[in-house]
Amino acid sequence: MRHVAISALCVLFLACNKKEEQAGVQVLVNYTASFKKGCFVVQVLDAANQELDRHELTELENKESPLKFAVLRREGWPEKVQFIVTAREQKCDGAQVDNGTEELDLSGTGVQTQKTLTLVTPDADGDGFVPTANGGTDCNDGSNAARPDRTDEACDGLDNNCNGQLDEGLSPRTEFFVDGDKDGVGAGAPVLACAAPPTLVATGGDCDDTNPDRAPNKQEQCNEVDDDCDGATDEGFNKEWYGDGDSDTFGAQSKLRLSCADQVAGHVRVIGNNFDCDDGDAEVKPGAVEKCNNRDDNCVGGADETFLTGAQPKGGSCLNDTCGGIYVCDTSNDTQTACNAQPPTLYYPDVDDDEQGASDGVAQKVCANDPIPTDKVANALDCDDADNGTKSMGMEVCDAIDNNCNGQLDEGLTCGGVLGRLGRVYDSATGGDGHDWRTVAVHPTAGYPLWVAGLGGKLVRKAAAATAFENHSFGETPPTSTHCGDWDWYAAWVRPSDGHVFLGGEGGRVAEHTGTACINSEDAPGGGNVTSMVGFEVNGVTTLYLANTDARLSTWVPGSPPVQQRDAGGAYYAIHAVDPNLLLVAGTVGGGAGTQSIVEYANGVLGTDVAHTLGSTVSGGVNALWMGSSNLAYAVGDGGALWRWNGTQGWNLQPAAPGTAVSFSSVVTPPGLDVIYVVDKGSPGRLRRKTQFGWARAPVITPADQADPPNVDKPLYDIAMTSVGEFWMVGDDGRVYHYPQ
């Protein structure tokens, strides 16, 4: 067996045969580079495992892996051999660390293909011993202080002699620390020793080894320092101060300041969770009384929490009259909620379209954002919603009506009369009981002369406004010579050219009175009472048209007897026209409901009537009519019936007047106006007025003194007027009323 140095190995193998044609194989052996103190045993074996050659290689300190071998075939060797390398610890007979085998083919000539073997031979601590895990005897390859050839044991926490024990025979190892501030407590990484090293201490954990006042055994002070080294600073001390910006003694949680001072300016202590939720308002703080104001006054439970329940909970549904809303904080009283719905706006009927609602109208309640009702306004200023000439702050005119709704009549106006009022006329000629007036006629433009006629031949005349009544009545005491006889007069017409009155009445009797004498007395055909007449002057000829209770239509040219033009059957009670080409005649065609009749005589054809249609009828007859123009007329009758005509052959029944349905006796329209004045023969009678918008306020009767009745106290039978500022009414028991009086 030969021991050779690595440096001579290749020479040895290559020098054994100088023949360049000698067959051989190069082998590279890789190993762990730290293996410097061991031995490599190299063998060449034949197929029968007979050793052909052997080399032991040491002195590895200056060599590097891999080792290079050239195996050359010797004389007598077989062509194929086994190449074996074995690594051993310390010596060539030491513990086997690793080995490798490679079959080499030595046939042919020259060096053949290179072969490689790799052995694992660690010796990390360089003590010459390989770890036991790799077949060696080193119990700790991380330290050369622990190896199997040692017999002593050191106090280092290692198994120095690899006997399986640590520090046997020595005192236990203890941690010792450097104590830089000499306070008996060290810091830093511990030092393990079996006996206390000089300047080290056995207690560690000093959090500041430069300050002897800081150590685990020190008393904690409130000084912004961790005195006792427990990781906390100033524990056990209340350092919390909270900013109190509104000086209400309660601090805001967001304004925390930590301080060991006995008092921090502008800051306060906070007990429990009593933080100020609004440090900009001194009224908001814990313990304050919660108000309903949409803020959290007491800093508990949010804003207005005490008002979220109860009979009027904030946010709950509510009604203000008929308008819905929700309960909100009452801005006028922060101790309660209030319904935020606006009260409904009251809209009143504005029938006459004068932008003022009826003061006595039924209001319609309209809530905000609801549509405004049509024909209604948000005020009740109009004292007469059927008259657009009457309203609050309206213009006062002479008509015995409160036009401006201030409770006064015609104030500030003279109105032409002595008193400027509608009142009873007291005159000896108009009489009292026994003077039952049935008709009144005025000059159509001047108003005078005025004639009043009635039952029993009663007849008076007023020539001018400033004159007294003249008596032309039958049966007076002393008797008058200018009467027209003992006839009941029902109709009268004043001729514009001379102021003569033409009378019609009982049994068809007609007469003309000049103001000084009664002339041209005649009898109309048929014997029925003349109940109505209308006259015209054409080319100096006066023609009157007479309506009789036996439904006869007659014409009368004074100075000649009346001539019958038509006998219709039934009864006529009214006739009127604006010109002779269109006469409207009204009455009845029988008794009971549906018997009202209105006909026309047109274009001078008096022998044939054309029946008009009444949209609705009532019991009784038509008692009077008035034609205001060629396309406007009104008719009135029993039971308070009123019809309107617009120029066609149809009439529309109008809404009944408020109050008792008495029988209307006369109707008239002021010139140029679509307004009617109606009187009735109730007991007592009344004056009514209707506009195109409805039944309006009528002129008010104003007593002359306390003895004067405040209202009409007898039935009324006729009314005549030249304008709303000049009209007359007559009735039973000498009742004559005038405006202005």
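Okay, quick definition to start: two strands pair if DSSP finds at least two bridges between them. Strands here are DSSP runs of E, at least two residues long, and helices are runs of H or I, at least four residues long, all numbered from the N terminus.

This is a predicted model, so to speak of local features we need pLDDT of at least 70, with side-chain atom pairs counting only at pLDDT 80 or more, while totals for chains, interfaces and linings use all residues. Residues are numbered from 1 along each chain as its sequence is written, and side-chain values use heavy atoms, leaving out hydrogens and water.

So, the overall picture. The protein chain has 49 strands and one helix. Its C-alpha trace spans about 200 × 85 × 40 Å along the principal axes. Buried residues (under 20% relative accessible area, 1.4 Å probe, protein chains only; over 50% is exposed, in between is partly exposed) make up 47% of the 741 residues.

Now let's zoom in on strand 23, residues 450–454. How many of its residues are buried? Five of five, so to say mostly covered. L450, V452 and G454 point one way, W451 and A453 the other.

What about the neighbours? On one side, strand 22 (residues 437–442) pairs with strand 23 in the antiparallel sense over five bridges, and W437 stands opposite G454. Strand 24, residues 459–462, also runs antiparallel to strand 23, joined by four bridges. There, V452 stands opposite V460. Strands 23 and 24 form a hairpin with four residues between them, where G456 takes a positive phi near 70°.
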